[in-house]
Structure formats: C-alpha cells, structure tokens
Amino acid sequence: MKILVIHGPNLNMLGRREPEVYGSVTLDEINAALQERAAVSGVTLLTMQSNHEGALIDFLQAEGWDADGIIINPGALTHYGLALRDALAMLKAPIIEVHLSNVYRREPFRHTSVVAPVATGQIAGLGWRGYLFALEWLSGVRG
Ligand code: DQA
C-alpha cells in the first residue's frame, strides 16, 4: 500500500510559524511520526513539501496514479489553488485534506476550500495528530 503525504506552502516552517496557531511540532517530526506508524502497518509512505503549486502538481502527476491514498495539507492553496484541485480530481485514490488549525473558526477567507469537493474527507483543528488520524483511516481502506 502506497500513501502520499503532501504539505503545501509555508508548512516547512512548522515549529517556528505562529506556534500559537499551528503548534510547536516541526514538519520533520510530523513526517517521522507518520513514517513510524506507516512502518507498523507495512505502508509505503512518500512525503513531500513545496512552497510551489506546480511542484505539488508535478509530484501528484508522478506518484498519484498508483497511490492508494493521499493526505494533503495544501496550506493557503486550500482556498484558491484550482490547478492543485484539478490535479487531485483526476486521481482515483481517496484523499484526506488535513489542516492543523480549525480553519472554520478563523478568518472568513479560510472557510472556503476548493480542495474539499474533490476530497473524501477533511480533518481540521486537531493539530499534527490530524495527519496520524488520516493515515489510520486510509490504512484501513482497501479496495
Ligand atoms: C492550514 C490553514 C490554512 O488556512 C493556512 O493557509 C495554512 C495552514 C492549517 O494547517 O491549518 O498554511 O492549512
């Protein structure tokens, strides 16, 4: 089973970036926790982060076709990244959109997700553990 974990713009700054909103755990720590959990279930996990929408799309086009699940925090692209949304829409794998913060209790522009309509589900507001819950769910989905 192959699962992609994709982190969008500014998420490489986790730990330093507005810790009161996003927590103090770094992206490397999140990826390490996910890899540890994936190894237990025999899941192959590919993680990537980019600040560039095109790079996220290139990765999805290269690795998405045979993926069994996709976990994505698109960062601010969540709210306007239509090309990223289209890249996700063409894939068959279940997609879980993850947000560290509860975007619905923040600024109004964060209340709209252009990704949500092509996602299977969404986890928001549960901090870095949201990624683990997404992995847990995807690991249980087969066929
Ligand atoms: C975020 C929420 C987005 O609105 C924001 O632009 C981010 C992070 C989150 O994880 O809470 O970069 O996706």
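Glutamate 18 lies in the loop between β1 and α1. The model is predicted: local features need pLDDT of at least 70, side-chain atom pairs count only at pLDDT 80 or more, and totals for chains, interfaces and linings use all residues. Residues are numbered from 1 along each chain as its sequence is written, and side-chain values use heavy atoms, with hydrogens and water left out. Helices (H or I, at least four residues) and strands (E, at least two) are DSSP runs, numbered from the N terminus.

- Most residues other than glycine have a negative phi.
- Glutamate 18 has a phi near 35°, a positive value in a residue other than glycine.
- Glutamate 18 is partly exposed, because its relative accessible area is 37%; buried means under 20%, exposed over 50% and partly exposed in between, with a 1.4 Å probe and protein chains only.
- Asparagine 10 is placed in the loop between β1 (2-7) and α1 (19-22), and its phi, near 75°, is also positive.
- Asparagine 10 counts as partly exposed, because its relative accessibility is 39%.

- Two packed helices are described by the angle between their axes and the distance between the axes.
- Axes are lines fitted to C-alpha atoms, for helices over the stretch in contact, and angles run from 0 to 180 degrees between N-to-C directions.
- Helix α2 (residues 27-40) packs with helix α5 (residues 129-140) at an angle of about 25°, and their axes are 10 Å apart.
- That angle makes α2 roughly parallel to α5; angles under 35 degrees count as roughly parallel, over 145 as roughly antiparallel, 65 to 115 as roughly perpendicular and the rest as oblique.
- On the α2 side the contact is made by Ile30, Ala33, Leu34, Arg37 and Ala38, and on the α5 side by Tyr131, Leu132, Leu135 and Glu136; contact means heavy atoms within 4.5 Å.
- The residues of this contact divide into 7 nonpolar, no polar and 2 charged.
- Ala, Val, Leu, Ile, Met, Phe, Trp, Tyr, Cys and Pro count as nonpolar, Asp, Glu, Lys and Arg as charged, and the others, Gly among them, as polar.

**Inside helix α5**

- Helix α5 has 12 residues and reaches 17 Å from its first C-alpha to its last, close to the 16 Å expected at 1.5 Å a residue; the expected span is 1.5 Å times one less than the number of residues.
- Gly130, Tyr131, Leu132, Ala134, Leu135, Leu138 and Ser139 of α5 are buried.
- The buried residues of α5 pack against β1, α2, β2 (44-49), β3 (69-73), β4 (95-99) and β5 (121-124).
- Tryptophan 137 also has its place in α5, but it counts as partly exposed, at 43% relative accessibility.
- Tryptophan 137 touches Pro94, Ile96 and Thr120, not counting residues up to four places away in sequence.
- Tryptophan 137 and glycine 69 are 68 residues apart in sequence and 9.7 Å apart in space, C-alpha to C-alpha.

**Helix α3 against helix α4**

- Helix α3 (residues 53-63) and helix α4 (residues 82-89) pack at an angle of about 5°, with axes 9 Å apart.
- That angle makes α3 roughly parallel to α4.
- Glu53, Leu56, Ile57 and Leu60 in α3 meet Leu82, Ala83, Leu84, Ala87 and Leu88 in α4.
- By class, this contact has 8 nonpolar, no polar and 1 charged residues.
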